[in-house]
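Me: I have a structure open here and would like to talk it through with you. Could we start with the surface and then work inwards?

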Amino acid sequence: MEKCPTVLDPDGDKQYCELCGKMENLLKCGRCRISFYCSKEHQKEHWKKHKLTCREADKHNTVPQTQQQHPKTAHPEKNNLICSSEADLKAKPHTQKLATDYIIPCMNKHGICVVDNFLGEDMGLSILEDVKALHQTGKFTDGQLVSQKSDSSKDIRGDKITWIEGKEPGCEKICFLMSRMDDLVRNCNGKLGNYIINGRTKAMVACYPGKGTGYVRHVDNPNGDGRCVTCIYYLNKNWDAKEHGGMLRIFPEGKAQFADIEPKFDRLLLFWSDRRNPHEVQPAYSTRYAITVWYFDADERARAKEKYLTGAGEKGVKVELNKPSEPS
């Protein structure tokens, strides 16, 4: 057996000025305590965009005070390109570096890639709060199969799911996560296999309610519906696979070994969606949350639409990833 492919902990170089990308002598935003700037002037200049994601910003209309430099911690990039109506059109240095130096070579070699501390604890907890609140609304329904024709799926998959576009009230942090995923994939586009990615599904927010629920071995895209990359973000604080189960086990095609991925908090997982990566969710004995987005290959998606092979992939929205979204 072989452990999952290399896990990257990108804590070391996640700090940079949100406006210019400078990485030295930074000051932290005094309100959200997540974003950094090289000067008060750059913070003020960037406030119009930063206030969309700054914690408590909705209650304030003034630029927050900047505090002194703080020890390095993992923190999210603040550049909404898909969900935000006021897009920051400048690609961030860390996203490009992460894509070029790690995601692209790892995916092309292994077909599986894991990134830990993707957004940082504060943002991860905020997303988890959104997901728990969403779960409490009762909008989650039984997960369906790719070709669902009956109510027989409960023995195959035990999760409860809902689909989120990102514009729904109370889902602002989920929207932020989707924008970070989009940024990452945009910086990989054209270099992940032979795929040209031009869109994605909505986000599938899933909850395994414990009690031994799981998902038997399956392939996300067995019929060529256009989905090429599966992207999963985990939200399970203090998860212990030995106690809680819920491991994602991937069986890479043509290999004797398998890859076990623990659904750890703030972990991002990417893998090929087709028959190269059959996988299963082993029985979970504690509540297990995850958010999944599938990215479309333009050619395969077009062929699938002609053949009506959209299946679960039809739960999607058109998202242009070959260029940043334009401000409205």
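Predicted model: local features only at pLDDT ≥ 70, side-chain atom pairs only at ≥ 80, totals over all residues.

Me: Helix 3 next. What does helix 3 pack against?

Reply: The buried residues of helix 3 pack against helix 4 and against strands 7, 9, 11 and 16. Those buried residues are Met123, Gly124, Ser126, Ile127, Leu128, Asp130, Val131 and Leu134. Helix 3 itself covers residues 121-136, and its 16 residues reach 22 Å from the first C-alpha to the last, close to the 22 Å expected at 1.5 Å a residue. After the helix comes Gly138, with a positive phi near 80°.

Me: Which salt bridge does Glu121 form?

Reply: Glu121 pairs with Lys237, with the closest N and O atoms 2.7 Å apart. Because Glu121 lies in helix 3 and Lys237 in the loop between strand 11 and helix 5, the pair ties together parts that are 116 residues apart in sequence. Both partners are partly exposed, Glu121 at 43% relative accessibility and Lys237 with a relative accessible area of 35%.

Me: How many salt bridges are there in the structure?

Reply: The structure holds 12 salt bridges. One of them joins the side chains of Asp116 and Arg267, at 2.6 Å from N to O. Asp116 sits in the loop between strand 5 and helix 3 while Arg267 belongs to strand 14, so this pair ties together parts 151 residues apart in sequence.

Me: Are Asp116 and Arg267 buried or exposed?

Reply: Asp116 counts as buried because its relative accessibility is 16%, which is under the 20% cut-off. Arg267 is buried too, with a relative accessible area of 5%.

Me: What about Asp183, which residue does it pair with?

Reply: Asp183 forms a salt bridge with Arg186, and the closest N and O atoms are 3.0 Å apart. Both residues lie in helix 4, three residues apart, which is about one turn of the helix. Asp183 is buried at 4% relative accessibility, and Arg186 is buried with a relative accessible area of 14%.

Me: Switching to Val229, what does Val229 touch?

Reply: Leaving aside residues up to four places away in sequence, Val229 touches Leu192, Ile197, Leu270, Phe271, Trp272, Ser273, Val293, Trp294 and Tyr295. Val229 is in strand 11 and counts as buried because its relative accessibility is 0%. The C-alpha atoms of Val229 and Leu192 are separated by 9.0 Å, although the two residues are 37 apart along the chain.

Note on methods. Residues numbered from 1 in each chain as written. Heavy atoms only, no water. Helix = DSSP H or I, 4+ residues; strand = E, 2+ residues; numbered from the N terminus. Expected span 1.5 Å × (residues − 1). Buried < 20%, exposed > 50% of the residue type's maximum accessible area, 1.4 Å probe, protein only. Contact = heavy atoms within 4.5 Å. Salt bridge = Lys/Arg side-chain N within 4 Å of Asp/Glu carboxyl O.
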